[in-house]
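Hi there,

Here is the structure I promised to pass on. Have a look at it first, and then read on for what turned up.

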Amino acid sequence: MDKTSLTNLLRFPGYNQAVIGDAAVLSCGCLTSEAVFTKEYTECCPNCHAEDVSLLAPVEPLRQLYRFIDLQGQRRPSNSDRSRRSTVKKSIKGDDGSTQLPSKVTESMNLLTLFHKYAKEEQSGVSEAESNSTVAAVDIAKSKSFEDASRVLKGTPSQHSVSVSPQNLLHQGSDLVPSNLPKQDPNFETLLEYVSEQKEYNFSKCFPFHRKVWSFPTSQLKLNLGSVNPFKLGAFGIKKSINSSIHTFIDFHAGLEITRFVLLSEKKWELYEYLLPSRETSIAHTKPVLLCCGKSTGEFGESSNNLKSVDTPGDHETVKSNEFGNTAKADNQLPKNNLKKRLESWDQTYCHLTRNFLVISGTKGVMRVINISSEGRYQMGEPIYTYLSNFPIRCIAISPNENLIACSITGRERISDKEQPFIVLHRMIVNAEQWVNFGDPILITVPYRDPIKLVEFNALSSHIICATVWESRYIIIKLKDGEKGYQRPRLVWSELPFKSGSRQDDEGNPISGREELLGTDDELMMASEGITEVQFGNKYSNTIIITSNYLGYRPPVLIRLHGTQIDSAKPNPSNDSLSIENSFSNHDRDDDDNGDYSMLKSSEVLQRFSEVGSSIHVAAISPRGDGIVFADKDGHLYLVSAPNLSSQSGTGSPNKKTVVLLGEVANAERYTEAASIQFSADGGKVFAVDRKGLFQVFDFTKGVPGKDLDVVKCKIISV
């Protein structure tokens, strides 16, 4: 790689073009040399000359870049290197002799984006030089050690299954490597190989007002061409689903953006896959394909015509049951006849999808885990775990690291006959032979009588957030406790986000009059579903988003929790997830868990999204941190755009935000039938699938408004 070009990233303003090897960030936001600032400057910034500034944290990526350049030997620049540098130097001087930045550089004001740009140009120059060399180059992306590390654990997402947003890109290398392997630094060459500058440019021109919409009805993807009437779906096709789930990730090695979604009915399920090249913008020829399907009895296959019959239980299936009698331990000795009879009569109700697993729960206290990975010991679509309970299962969730499954059950006390909610944790452990072992479920007693209706994990799988039915309360439970693992879950926060008689508008003023009278008894009406969605915000943001469906004025809210960082064991007074301190901090802080750091002190409402109404079923947060998509009960998709949503303050004047009507999906009477929506891993697209099987892609990276006719404008709701 060209040493001179990468060295330019280490030349900071105010240092006379000197190369800085100990980069650090000041409280004013400027970059500096830690040694020079400590020695020569005490309280004044050498760049912006701001007073009373101090060092915040070292910038580890720039220091690693300096060490990389320092260790790299001198290499003769190729012709492409010299031509590129000469082009850049010519563009520095304007016609009037004033100093100007190159046009391509001024379009990207992010330091990490500039690094991506120069690294890609240098990589192309190296490949051209190596083609003329007699020495074979080492392909780091295809090294055996990296491949082994990415596929040792099938229950853990690999390095290429996370977001490429700036706040997540630098935390991938060692966070996702299995614990029994040595940690490695992020492979930047692999990460940058499929990054498209054209897509980023299109996104900057389109978001949030313009997008290209692709629609794919799944009913047309299941035509049986061999039958007399190929347009008949047959007995297996799902015409209307009762629940759905969607998951997307990026495979950096293959250069593909993979999106999978599942449609669920009472007796059947169907899994689809949508593949997109990471660098291409023309995706008209790409359509979702049916990956596999199955029935509630356990039959599975690539299509409805070749379903495989399986034994009950299967050869590689683990069965556990909790009867909650004298002992709370799971019982594996369940008669086969009883299990088979139970599986033939149960109905599927909820599903949750991840990269490698599909979790389905239903009536009669049944929950099943299905393998959907094409690699490993199991077949795609094969059931690998069945959990039986004598109490109904209300909701399910699977952790991002695919090591935990949480389900909510509601039991009754024998003496008082009162309802008592529980959270059941199921641990998934992958052995050396890549078989998945399931430990005994962990029973968590919730200190409230209100049943649990929703449960979600945080990004690090260390906390869960739950929502109750009647009081519309949300609670946060800490699962991981340092060296003790998941043996001591405990409640760390509980709050009522919608307090009766204390409703406020965007400015924080209480609402009175007719709107308040309308919402007095709406909690008891059938049309009010209470909290419909509760989830954690982006990593290190310490935020949660809550949506609800009420007749009164209760719009979605974005809440920040003050105190301990939920996604980090160490306390941090600044909860700004997009600050340089948090974005470039050492990811090893996640591993030093300590029980003392588990206190949340207070909460603050950052945003109230009154423009989208109070009948919201689903919400999805962009990994870039600049947008949220809401879906209401009528099927309207609203996109709320605001810069740095998670880092805004709830005090003072309302923060500026833009609201547009992104599109429409099928309406839903209940929140369980609502469409599933999710941002792509890079935040450039929005995927949606509704109960009618319509899969839609809202693409902000397709083209530029005015040049590409397919890119159309959204309806503006509020600016």
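A residue is called buried when its relative accessible area is under 20%, exposed when that area is over 50%, and partly exposed in between (1.4 Å probe, protein chains only). Please keep in mind that this is a predicted model, in which local features need pLDDT of at least 70 and side-chain atom pairs count only at pLDDT 80 or more, while totals for chains, interfaces and linings use all residues. Residues are numbered from 1 along each chain as its sequence is written, and side-chain values use heavy atoms, with hydrogens and water left out.

First, the overall picture. The protein chain has 13 helices and 36 strands; these are DSSP runs numbered from the N terminus, with helices being H or I of at least four residues and strands E of at least two. Of its 719 residues, 52% count as buried. Taking contacts (heavy atoms within 4.5 Å) with a separation of 6 or more, 59% are between residues 24 or more positions apart.

Next, helix α10, which spans residues 197–206. Its buried residues are Lys199, Asn202, Phe203 and Cys206. Viewed down the axis of α10, they fall within an arc of 105 degrees, so they line one face of the helix. That arc is taken from the directions from the helix axis to the C-beta atoms. In general, an α-helix has 3.6 residues a turn, so residues three or four places apart point the same way. The buried residues of α10 pack against β4 (210–217), β7 (268–277) and β33 (685–689).

Strand β29 (residues 627–632) is worth a look too. Six of its six residues are buried, so β29 is largely enclosed by the rest of the structure. Gly627, Val629 and Ala631 cover one side, and Ile628, Phe630 and Asp632 are buried on the other.

What are the neighbours of β29? Strands count as paired if DSSP finds at least two bridges between them. β28 (residues 616–621) pairs with β29 in the antiparallel sense over five bridges, and Ala620 stands opposite Val629. Five residues lie between the strands of this hairpin, where Gly625 takes a positive phi near 80 degrees. β30 (residues 636–641) also pairs with β29 in the antiparallel sense over five bridges, with Gly627 opposite Ser641. The hairpin of β29 and β30 has three residues between the strands, and Gly635 in the turn has a positive phi of about 95 degrees.

Best wishes
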